[in-house]
Amino acid sequence: MDMQSRIRQLFQASIDTKQQAMDVLAPHIEQASQIMVNALLNEGKMLSCGNGGSAGDAQHFSSELLNRFERERPSLPAIALTTDSSTITSIANDYSYNEVFSKQIRALGQPGDVLLAISTSGNSANIIQAIQAAHDREMVVVALTGRDGGGMASLLLPEDVEIRVPSNVTARIQEVHLLAIHCLCDLIDSQLFGSEE
Ligand SMILES: O=C(CO)[C@@H](O)[C@H](O)[C@H](O)[C@H](O)COP(=O)(O)O
Ligand SMILES: [Zn+2]
């Protein structure tokens, strides 16, 4: 296949996955935004984590809250747990890579805070341990997953929300995760500061 056809095929695959995800995910994204707004109105903060591309997504989300999304508004409290290389390398070195997020959550997480846990497979051990730590700290979990939800799906409590992309392809799942994150940012801003249209 020539490269132009290949590019068109990738664009089409991304469009198709988003089309299939739209109706399935919309209610879960709305519910997740309400959980986040509720936490922010009650002095709570957002913690976020993921591996690889999902680490980038975790940071993308926190920077949109801390800085801005599409409009002028006050900074909102969020911490990406993927950025402190001294902390991450020392936890991985002294304990286990599986604990790099959970140890930070046990230190920083407060009841009423929200964990945005991102994994395309739902099976990354450090994300699973992060969810367990968040529950121990009485936090609510918003899980961005794919495939069959993996081990993460079965760990979630009734008050948590799973946004599971209906795809088995990592890159396509990541593309929808980013769209879901932008929806969350838009809904948070409009619920807290009014809709701008
Ligand atoms: O971005 C990509 C592939 O598109 C990779 O870096 C990917 O994020 C890594 O393989 C992750 O370790 C996968 O973890 P997960 O999504 O299964 O939790
Ligand atoms: Zn990628």
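**Ligand site and helix packing**

Mentor: Let's begin at the ligand: a polar backbone atom of G53 is 2.9 Å from an oxygen atom of ligand 1. Keep in mind that this is a predicted model.

Trainee: Ok. Which polar side-chain atom lies 2.9 Å from an oxygen atom of ligand 1?

Mentor: One that belongs to Q174. There's also N51, where a polar backbone atom is 3.3 Å from an oxygen atom of the ligand.

Trainee: How much of ligand 1 does the protein bury?

Mentor: The protein buries 61% of the 450 Å² that ligand 1 exposes when taken alone.

Trainee: Switching to helices now. At what angle do the axes of helix 2 and helix 7 cross?

Mentor: Roughly 15 degrees, and the axes come within 10 Å. Helix 2 covers residues 53-66, and helix 7 covers residues 170-193.

Trainee: So what do we call that arrangement of helix 2 and helix 7?

Mentor: Roughly parallel, because angles under 35 degrees count that way.

Trainee: Is the crossing right-handed or left-handed?

Mentor: Helix 2 passes helix 7 in a right-handed crossing.

Trainee: What about helix 1 and helix 7, how do they pack?

Mentor: Helix 1, residues 3-41, packs with helix 7 at about 35 degrees, and their axes are 7 Å apart. Helix 1 passes helix 7 in a right-handed crossing too.

Trainee: What kinds of residues make up the contact of helix 1 with helix 7?

Mentor: That contact has 18 nonpolar residues, five polar and four charged.

Key:
Residues are numbered from 1 along each chain as its sequence is written. Chains are lettered from A and ligands numbered from 1 in the order in which they are written. This is a predicted model: local features need pLDDT of at least 70, side-chain atom pairs count only at pLDDT 80 or more; totals for chains, interfaces and linings use all residues. Side-chain values use heavy atoms; hydrogens and water are left out. A polar contact is a pair of N or O atoms within 3.5 Å; within protein, one must be able to donate a hydrogen and the other to accept it, and residues adjacent in sequence count only if both atoms are side-chain atoms. Accessible areas come from the Shrake-Rupley method with a 1.4 Å probe; for residues, only the protein chains shown count as cover. Axes are lines fitted to C-alpha atoms, for helices over the stretch in contact, and angles run from 0 to 180 degrees between N-to-C directions. Helices (H or I, at least four residues) and strands (E, at least two) are DSSP runs, numbered from the N terminus. Angles under 35 degrees count as roughly parallel, over 145 as roughly antiparallel, 65 to 115 as roughly perpendicular and the rest as oblique. A crossing is left-handed if the near helix is turned anticlockwise from the far one by less than a right angle, and right-handed if clockwise. Ala, Val, Leu, Ile, Met, Phe, Trp, Tyr, Cys and Pro count as nonpolar, Asp, Glu, Lys and Arg as charged, and the others, Gly among them, as polar.
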